[in-house]
Amino acid sequence: MEQLAWSEALRTGIDVIDRQHRSLVDMINAIARRLQANAALSADEVRLLLGYLKDYAEVHFGTEEALMALCALPPAYAHGHHLNHARFLAHVGDMLDELSEHAVPDGQQILAFLADWLIRHIQGEDQGLARRLRAAQPLGSRRPAEGAVGGGLGATGLSRQFAEVLALGSATLHASQTDVLEMITAGAAPALVMALDSSLLPVSVLQANAAAGELFGTSAAELAGRSSATLFGDNQAQRFPVVMSEVLMHGAFEGEIDCIAAGGTVRSVAVRITHLVLQGRMAILLVLSVQEAEQGSRRSASLEEAAHPLADPVRAGVAGRHAILPGHTVLSRHPLFGALGRDEQLTLERAARLIRLRKGQVLFQKGDEPAGIYLVINGQISLAAVNSHGAEKVLDILNPPDVFAEVEVFTRQPARVDAQSLGTAVVLLLPADAVRRVQACNPAFWMAVVAHLGHRVQRLTAEIEALTLHTAMERIIDHLLAHAQINAHGVIEAQLPAQKQVIASYLNISPATLSRAFQQLTDHGLITISRRYVTIPDRERLLRFREGEPTEARAAL
């Protein structure tokens with residue numbers, strides 16, 4: 001591929017973002033030269049490259065989301081960027097999964113993906129982001145965005161070992177985190193950077209600014225190392241699993257938080273919480289506000305108006321999603337729990353806890369009594385039935401914000417399926433005792449449960465109908481359309497919820513049948529596939545194909 005030239009058209013004017021972008025441009029050019037000198041990358045080289053891209057995405061996206069929090073950009077706008085960031089990370093994760101299955105992604109394909117994404121990301125989304133950031137407040141730094149990777153790699157770069165090139169890029173990338181911390185320290189609004197424990201809950205302050213020290217009645221230096229227990233009330237500490245669920249799912253939480261302010265008084269303070277990655281470890285940034293509650297409410301109302309899907313082009317195409325509004329959480333937004341009063345929601349929030357799952361980790365098995373209702377925060381969970389011979393049938397593929405094990409909790413019956421993570425995942429557990437306490441005293445919750453279970457019955461009826469009366473091609477097309485939505489670029493796109501063999505099991509077909517169907521739809525120009533993303537150029541044409549599917553196509557599948 002041709003070299004990518006860094007130019008004014010790519011510059012955003014936000015120095016720390018430009019240095020990170022320039023680092024990736026230089027890295028892409030170094031890889032291109034490496035491929036020109038040697039036709040293929042080895043499995044070890046691809047593994048190193050993908051590891052670098054994962055680190056790059058986590059640091060760069062964390063930088064952008066932190067700047068959006070510091071500049072108080074609307075939550076809906078920030079969420080649109082978070083979705084695009086998650087897409088890039090998912091794409092890199094898919095390529096890493098391929099490596100684990102003893103396949104090596106083609107280096108030229110990786111380069112083409114990076115070049116296309118980089119240009120669209122910088123010239124499209126990030127230019128708009130930079131304009132909003134500059135309008136909110138000036139964000140500069142001490143160093144220009146030139147020579148991000150050792151002043152360019154040129155001919156000397158070809159003599160370096162590939163691992164050295166990646167190590168140099170990583171060092172440059174992580175050095176940019178210092179500038180983000182400096183921006184936080186110089187900010188006028190109280191701000192804290194906090195480390196997280198293994199349960200993704202805040203444990204201690206890594207860095208604070210002078211305004212935060214004033215809020216808590218101490219200095220910024222003395223805040224460093226303070227535990228979260230000394231900064232927030234007990235009730236707030238119990239709510240952090242739900243607050244962090246919002247951060248993990250949507251990129252940020254905006255609402256109110258209880259702080260132990262100067263003099264030891266517990267004070268409700270407006271807050272924006274987003275995530276950062278520092279030296280490979282996830283942390284959070286809390287940008288606090290000393291606004292009184294009524295001022296915060298007026299600001300929330302204006303943000304709610306900005307959060308309307310038509311108010312921003314990034315959000316406009318995200319169909320079927322709930323608005324990301326200040327003060328809302330994954331519980332208050334969920335139809336099963338949204339009818340609860342605030343006190344009852346707090347009862348569940350204080351009992352909830354986050355559970356991190358490794359790829360393939362079993363949460364519970366058939367015959368177990370689930371510990372409560374689980375809500376998927378990120379990743380995917382499969383519910384599968386397994387017979388005595390070990391044959392498995394995937395019955396459901398769960399994505400955020402799906403719930404599961406609710407039937408077992410409400411009926412007090414053991415599980416009839418195995419629940420297993422399809423990749424790294426995080427779920428929020430609402431313990432059964434807490435759910436039943438709320439259920440016992442709230443008729444509105446009973447009605448929500450009945451409505452929820454009614455939807456489940458309707459869905460199961462539709463699945464039985466599809467499995468018994470629809471062809472494999474009809475089921476595949478219906479599955480694509482069920483997951484399709486208009487993306488930020490105005491294109492109809494379906495994100496496959498899991499790997500193809502899992503989807504095939506769910507649709508009760510073989511992986512080979514699914515691959516043949518995808519190839520046939522591609523040959524007819526009805527879809528294009530880029531790993532787990534399926535673009536549908538013409539929805540009506542795809543529906544006409546489904547209705548008038550040739551007999552020979554049915555026979556082939």
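**Rings, cores and sheets**

User: Phe240 first. Buried or exposed?
Analyst: Phe240 counts as buried, at 4% relative accessibility. Buried means under 20% relative accessible area, exposed means over 50%, and partly exposed is in between (1.4 Å probe, protein chains only).

User: Before we go on, what kind of model is this?
Analyst: This is a predicted model, where local features need pLDDT of at least 70, side-chain atom pairs count only at pLDDT 80 or more, and totals for chains, interfaces and linings use all residues. Residues are numbered from 1 along each chain as its sequence is written, and side-chain values use heavy atoms, leaving out hydrogens and water.

User: Now rings. How many aromatic pairs are there?
Analyst: The whole structure was searched, and 11 aromatic pairs turned up. One of them is Tyr52 with Tyr56, a tilted pair at 6.3 Å centre to centre and 35° between the planes. Rings of Phe, Tyr and Trp (its six-membered ring) pair if their centres lie within 6.5 Å; planes under 30 degrees apart are stacked, over 60 edge-to-face, and the rest tilted.

User: Where do Tyr52 and Tyr56 sit in the chain?
Analyst: Both are in helix H2 (residues 43-70). They are 4 residues apart, so about one helical turn separates them. Helices (H or I, at least four residues) and strands (E, at least two) are DSSP runs, numbered from the N terminus. Tyr52 is buried, at 2% relative accessible area. Tyr56 is buried too, at 0%.

User: Back to Phe240. Which ring does Phe240 pair with?
Analyst: Phe232. That pair is edge-to-face, with 5.4 Å between centres and 75° between planes. Phe232 is buried as well, at 2% relative accessible area.

User: Which rings link into a cluster?
Analyst: Phe61, Phe88, Phe113 and Trp117, through ring pairs.

User: And charges? Which ring does the charged end of Arg87 sit over?
Analyst: The ring of Tyr533, 4.0 Å from its centre. Arg132 has its charged end over the ring of Tyr77, 4.0 Å from the centre. A charge sits over a ring if NZ of Lys or CZ of Arg is within 6 Å of the ring centre and within 35 degrees of the ring normal.

User: Change of topic. What order do the strands take in the open sheet with E8?
Analyst: The order is E6-E13-E8-E11, 4 strands with antiparallel pairing. Two strands pair if DSSP finds at least two bridges between them. Strands E6 (353-357) and E11 (403-404) are the edges, each pairing on one side only.

User: How many bridges join E8 to E13?
Analyst: 6 bridges, between residues 372-378 of E8 and residues 425-431 of E13. Val376 stands opposite Val427 in E13.

User: Which helix lies across E6, E8 and E13?
Analyst: Helix H10 (residues 234-250), at about 35° to E8. Axes are lines fitted to C-alpha atoms, for helices over the stretch in contact, with angles from 0 to 180 degrees between N-to-C directions. Contact means heavy atoms within 4.5 Å.

User: What about the nonpolar core? Which residues touch the most other members?
Analyst: Leu192 and Phe337, in the largest core, which has 51 residues. H10 gives the largest share, 7 residues. A nonpolar core is a set of buried Ala, Val, Leu, Ile, Met, Phe, Trp, Tyr and Cys residues joined through side-chain atoms within 4.5 Å. A second, separate core has 37 residues, including Met27, Ile28, Ala57 and Phe88.

User: Which residues does Phe337 touch?
Analyst: Leaving out residues up to four places away in sequence, Phe337 touches Leu331, Gln345, Leu348, Ile373, Val403, Leu430 and Phe445.

User: Last stop, Leu526. Where does Leu526 lie?
Analyst: In the loop between helix H20 (511-523) and strand E16 (528-530). Leu526 is buried, at 3% relative accessibility. Asp538 is 12 residues away along the chain, and the two C-alpha atoms are 7.0 Å apart.

User: And which sheet order includes E16?
Analyst: E14-E15-E17-E16, an open sheet of 4 strands with antiparallel pairing. Its edge strands are E14 (484-486) and E16. E16 joins E17 (residues 533-535) through 3 bridges. Ser530 stands opposite Tyr533 in E17.
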